[in-house]
Amino acid sequence: MNRVQRQRIIGDAPLSNPDAARVKAWRGLVREGCLPPVLLRWISGLKCCVVLDGHDRIVAVQAERVAPQVRILARARPGSTKANAAGP
């Protein structure tokens, strides 16, 4: 889970029911192994990640009991050239 395991992740929208049609569609992609990653944003003041895109995909991977693929956006430190310069 790209080093987000066991860290707090919060969202700005309520999670869908695992039986919702949209979640069922995502669950099919989970089983096929072609689910797009969940997009998170590291918020240093909260010391956690916030879900920007992928609320229903999170429900789908939880229902299928697999770890989601994630991409974390974080502010780079001044002068840094590393892709993962800041964040968790």
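Aromatic pairs come to a count of zero here, in what is a predicted model. A ring still takes part in another kind of contact: the charged end of R57 sits over the ring of W26, 5.1 Å from its centre.

| Salt bridge | Closest N and O atoms |
|---|---|
| R22 and D56 | 3.0 Å |
| R27 and E64 | 2.7 Å |
| D53 and R57 | 3.1 Å |

Take R22 and D56, which form a salt bridge. This pair links distant parts of the chain, with R22 in helix α1 and D56 in helix α2 (residues 55-64), 34 residues apart. R22 counts as exposed because its relative accessible area, 53%, is over 50%. D56, in contrast, is buried at 13%, because that value is under 20%.

A network of salt bridges links R27, R31 and E64.

Back at R57, its salt-bridge partner is D53. R57 is buried, with a relative accessible area of 6%, whereas D53 is partly exposed at 41%.

Finally, where does P14 lie? P14 is in the loop between β1 (9-11) and α1 (21-32), and it is exposed, with a relative accessible area of 73%. P14 and D56 are 42 residues apart in sequence, while their C-alpha atoms are 9.5 Å apart in space.

Technical notes. Residues numbered from 1 in each chain as written. Predicted model: local features only at pLDDT ≥ 70, side-chain atom pairs only at ≥ 80, totals over all residues. Heavy atoms only, no water. Helix = DSSP H or I, 4+ residues; strand = E, 2+ residues; numbered from the N terminus. Buried < 20%, exposed > 50% of the residue type's maximum accessible area, 1.4 Å probe, protein only. Phe/Tyr/Trp six-rings, centres within 6.5 Å; stacked < 30°, edge-to-face > 60°. Lys NZ or Arg CZ within 6 Å of the ring centre and 35° of its normal. Salt bridge = Lys/Arg side-chain N within 4 Å of Asp/Glu carboxyl O.
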